[in-house]
Structure formats: structure tokens, C-alpha cells
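Student: I have a model open on my screen and would like to learn how to read it. Could you walk me through the ligand site and the aromatic rings?

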Amino acid sequence: MAIILGIESSCDETSASVCINGKVTNNDIATQDIHEQYGGVVPELASREHQRNIVPIVTHVLENAQISLSDVDAIAYTRGPGLLGALLVGSSFAKSMALTLDIPTIPVHHMKAHVLAHFIDEPKPKFPFICLTVSGGHTQLLRVNSATEMIILGQTKDDAVGEAFDKSAKLLGLPYPGGPMIDKLASEGDPGKFEFSKSEVPALDYSFSGIKTSILYFLRKEVQRNENFVNENLNDLAASIQFTLIEMLMAKLKLAAKQEGINQIAIAGGVSANLGLRSRLADESKINNWEIFIPDFQYCTDNAGMIAISGHFLYENGQFGLLSDSPQPRMPF
Ligand code: KG4
Ligand code: ZN
């Protein structure tokens, strides 16, 4: 049993969290709004924002948790995957703090941490379970055998589904990040109004680059006929795009559950905040007799709570890092 400080800085959220004896007590997140005006995350600006945020956010989380530095037993941080400059800020900070306090570091894999976010709150899935991890950088179908053993059953061959949401939103003229905007507009639209072609990919893999092209050509054609087409049909376009993406996710998820004979089904990652996906999963759970697990909103998108809980499991396993560990932007799974 231990007190773990978790640090996340892989993309555009600086976050710190405290996990005491396996219970995440605090999770503070500083979101970087600066990227909105550029229509996407600007890596150099992200690094600078992390540098600005990291000391205040760690100080704040320790104060809120009423923990002093000398109480911390280990520091878990995101080693990768992510933006190199952004990862460097979190990892350098974690390693120097650990060196000063003479405590171990625990390097954490960001995508595995998204899955382990399911162990922050009740109800927790039982092993083995299937996890569909859907974020801005990855789309993976996993068989999770234990906190430290996860097998990739399928994954995207090109764009991640979060990227597909964001790029489609950009085509509709919506600001970055477009995923949450599509979600919001879709709730007022007709998901059956427009049809977009879905790529056919064998087995349990995904491909999301084709749908983006299909939307682009469709919009070009319609806007030629009516320049106000997008504005006049915004809600229906958002709903139809969201419906198509969720259809693609669900088809392979159902296949994976059947293939593995597992009915404990979880979703994780930024796109698991999507209300359409959450409600579709609830519908499918009734049809397929699934027990479903959906993290609280604050643990869907990037957060240090998932890093701290991962740190807890790795600490129990004695899996510590070295001060020579460098960030891994393309960290293998
Ligand atoms: O996991 P995450 O916070 O960061 C990565 O590790 O990539 O995921 C970010 C992605 C973005 O593409 C964002 O648009 C998407 O998650 N996202 C959503 C929603 N909230 C976040 N996509 C659809 N609907 C949402 N409500
Ligand atoms: Zn993430």
C-alpha cells in the first residue's frame, strides 16, 4: 500500500493526481485552450504550457489531498505515446522530483492507463474483459487479462476515430477539438439523414480515413448546389457522421466479444465521452447480454487519475523505472 503521485503531459492537458492505497483521491486537470485558435494542437506551444502549468498543478493537487512531499512513495508519469516535447516536461519533472525525494519513478503507457481508468471508480470490470479504447491518437480493441496483461485484438490501420471526429468537424467548419461539438450538435439531428460509405477492413481492425474522404466529396458536391448546405443541415450532418463512426466501432466490438466469448465490455479514451456512443453501448448491452463499463467523464479524456491508478498496479508489481528512461513518443504497446 502506498501513496502515488501521478503526472500526465502527453498532449494538451497538464494533469496531476494522488492515489492513496489504490484509491484516487484527487485529479486536477489544466486544459490548454491556446490551441483552439490554430485548429489543432501545436506541439511547441503545448510544451511551453506544460512548463507553465506543471509546478502549480502538482502543488495544488498535493495541497488538496493534504499530502506533503515526504508522504509520497512513488511518482508515476506518462512515458509515451504522445508529443515528445510535452512528454519531456512531465517525465523530467517526475524524475527530478523522485531523485530529490529519493523515491522510485513508475513510467506508464498512456493507452494502457486509459484502460486502467476503469479501476478508479465502482463498478470495476472483472478480468478478462474487452476494452474498446478510442482516443485522438489510437483506436484499439483489447482483451484485458490483468492490469498488466493486455492483448491487442484489432486496431486502426490509419486514422484514429477521435481524429475522424475532429477532421469531420473541421470539414463542417467547427472549431477544434471537433469531437465534443459533433456530439452536441448530433443530439439535435437525424442520424439517418445522410449516408457515408464505410471502409471494409478484415478481422478486428479498423480504418477511418475513407469516411473522411467520403464526407469531403459529399460536401463539395452539395455546397456547389447550395452554398448554405452545411449551415442548413449542420445538426443532421453531425448526427449522420457520428452514427456512421459509431456503427463502425460497434460492428468490430460485437465481433470481438463473440470471438473471445466475453461479455464484460468496457470503453475508454477521449471518444468514450461521446453521448451517442454511450447510449448505443447501453442499447447493445441489452441485446447482447453485456455488462458494460463506461468511465466517469473526467476519466475519459486525458487525466492523471488514470496514470496514478496505473502507478498503483505497477507499484504492487514492483515495476519501477530508471532515471535514464527517456520519453517514448511512439512507445510500443
Ligand atoms: O484520450 P484523449 O483525451 O487524448 C488522446 O489521448 O488522444 O482523446 C481526445 C479525442 C479528441 O479527438 C476529441 O475530439 C475526442 O477525444 N473527444 C470526443 C468527445 N470528447 C472528446 N469525440 C467525440 N465526442 C466527444 N464527446
Ligand atoms: Zn489519451
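Tutor: We will take the ligand site, then the aromatic pairs. This is a predicted model, where local features need pLDDT of at least 70, side-chain atom pairs count only at pLDDT 80 or more, and totals for chains, interfaces and linings use all residues. Residues are numbered from 1 along each chain as its sequence is written, chains are lettered from A and ligands numbered from 1 in the order in which they are written, and side-chain values use heavy atoms, without hydrogens and water.

Student: How many residues surround ligand 1?

Tutor: A residue is near a molecule if one of its heavy atoms lies within 4 Å of it. Here 18 residues surround ligand 1, and G136, D166, D183, G270 and N274 are the closest.

Student: Where does ligand 1 lie relative to domain 1 and domain 2?

Tutor: Domain bounds come from an automatic or database domain assignment. Domain 1 (3-116 + 299-316) and domain 2 (124-294) both contribute to the shell, so ligand 1 lies between them.

Student: How do I read an aromatic pair?

Tutor: Rings of Phe, Tyr and Trp (its six-membered ring) pair if their centres lie within 6.5 Å; planes under 30 degrees apart are stacked, over 60 edge-to-face, and the rest tilted. The whole structure has 10 aromatic pairs. For F218 and F229, the centres are 5.9 Å apart and the planes at 70°, so this pair is edge-to-face.

Student: Are F218 and F229 buried or exposed?

Tutor: Buried means under 20% relative accessible area, exposed over 50%, and partly exposed in between (1.4 Å probe, protein chains only). Both F218 and F229 are buried.
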